[in-house]
Amino acid sequence: MMIQDARTTKKLAKDTFEAWAETYDHSLLNYFLFRPSYYTFLEEIARWRADLDGPFNILDIGCGTGTFPCMIALSNLDARHIVGLDYAMEMCQQAARKLQRFDPDHLVSFVNGDSEHLPFPDAMFDIVTCANSFHHYPHQQVVVSEMRRLIRPGGRLMIIDGFRDNAIGWVVFDVVIAAIEKSVHHAPWTTMRSYFEQAGFSEIYHRKFNFLFPAFITVGSVPAHDG
Ligand SMILES: C[S@@+](CC[C@H](N)C(=O)[O-])C[C@H]1O[C@@H](n2cnc3c(N)ncnc32)[C@H](O)[C@@H]1O
């Protein structure tokens, strides 16, 4: 994608979500499409951590109003630091307000930033998650490599986005959502896999799930011997 296009894509996403932030939590899309993703992440994380000791650090990219980071804080998962990052300042502010109700132990913080330039040191997190945000990124491979930089050896990346590889998904995401949101790109399943491979992830797997619309999760691990 050309630089000008990339800037336009990012600005469109930022403007859309700055404007949507206040009503986002009460929207039908949030209820039917986005929320089920959080349960998919919780399930994956719980299954993965079941045999592991010790607390973990987690970063949620494109965290929106911060519902998923707050759910982690309230869960019985052993999280030490929970960070949410979003490009829209107004989303971060909504998320920060939510903390007062849902984060009694002050585990969570929110950062305003761009997924392409993540302001954290290498190998800071055990898990990086990203739900329903990836299709807004103009340089998707760059973002997956940047996510990979932040994950410690043995850690995991989990991305959820719309599944556009069947007829329903294609109509919903490539036709309808693309016409409404403009300048978005839902990566096909095989492309997502190749992003993970190129960034050096191993043990990559996908799982498709359906709520109102089809979506899929891609999970990859950073090799334990990674230096
Ligand atoms: C549909 S919302 C999803 C929010 C949340 N993850 C969820 O599932 O409810 C997409 C989010 O991605 C954020 N976003 C878009 N482009 C971004 C970028 N380049 N870097 C970080 N966040 C971005 C938007 O501001 C928005 O909050």
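Biologist: In which hand does helix 3 cross helix 4?

Modeller: In this predicted model, helix 3 passes helix 4 in a right-handed crossing. The residues in the contact between helix 3 and helix 4 include 5 that are nonpolar and 1 that is charged, with no polar residue among them.

Biologist: How should I describe the way such a pair is packed, and what are the values for helix 3 and helix 4?

Modeller: The general idea is that two packed helices are described by the angle between their axes and by the distance between those axes. Here helix 3, which covers residues 67-74, and helix 4, which covers residues 89-102, pack at an angle of about 20 degrees, and their axes lie 10 Å apart. Angles under 35 degrees count as roughly parallel, and helix 3 and helix 4 are therefore roughly parallel to each other.

Biologist: Which residues of helix 3 and helix 4 meet?

Modeller: From helix 3 come Cys70, Ala73 and Leu74, and these meet Lys98, Leu99 and Phe102 in helix 4.

Biologist: At what angle do helix 2 and helix 3 cross?

Modeller: The axes of helix 2 and helix 3 come within 10 Å and cross at roughly 40 degrees, and that makes helix 2 oblique to helix 3. The crossing of helix 2 and helix 3 is right-handed, and the contact is made by Tyr38, Phe41 and Leu42 on the side of helix 2 and by Thr67, Phe68 and Met71 on the side of helix 3. By class, the residues in the contact of helix 2 with helix 3 are 5 nonpolar and 1 polar, with no charged residue.

Biologist: Where do helix 5 and helix 7 lie in the chain, and how do their axes cross?

Modeller: Helix 5 spans residues 140-150 and helix 7 spans residues 189-198, and their axes come within 9 Å and cross at roughly 45 degrees. Helix 5 and helix 7 are therefore oblique to each other, and helix 5 passes helix 7 in a right-handed crossing. Gln140, Gln141 and Val144 of helix 5 make the contact with Tyr195, Phe196 and Gln198 of helix 7, and the residues of the contact of helix 5 with helix 7 are 3 nonpolar and 3 polar, with none charged.

Biologist: How many residues surround the ligand, and which are the closest?

Modeller: The ligand is surrounded by 20 residues, of which the closest are Phe17, Gly62, Gly64, Ser115 and Ser133. The elements that give two or more residues to this shell are helix 1 (3-20) and helix 2 (28-49), and helix 1 gives the most, with 3 residues. Sorted by class, the shell around the ligand holds 10 nonpolar, 7 polar and 3 charged residues.

Biologist: How many helices and strands does the protein have, and in what order do they run?

Modeller: The protein has 7 helices and 7 strands, and from the N terminus on the elements run α-α-β-α-β-α-β-β-α-β-α-α-β-β.

Biologist: What does the radius of gyration say about the protein?

Modeller: The idea is to compare the value with what a compact globule would have, which for 227 residues is near 17 Å; the protein has 16 Å, and this agrees. Along its principal axes, the C-alpha trace of the protein spans about 45 × 40 × 35 Å.

Note on methods: Residues numbered from 1 in each chain as written. Predicted model: local features only at pLDDT ≥ 70, side-chain atom pairs only at ≥ 80, totals over all residues. Axes fitted to C-alpha atoms, helices over the stretch in contact; angles between N-to-C directions. Helix = DSSP H or I, 4+ residues; strand = E, 2+ residues; numbered from the N terminus. Parallel < 35°, antiparallel > 145°, perpendicular 65-115°, else oblique. Left-handed = near helix turned anticlockwise from the far one by under 90°. Contact = placed C-beta atoms within 7 Å. Nonpolar A, V, L, I, M, F, W, Y, C, P; charged D, E, K, R; others polar. Near = placed C-beta within 6 Å. Rg over C-alpha atoms; globule rule 2.2 N^0.38 Å.
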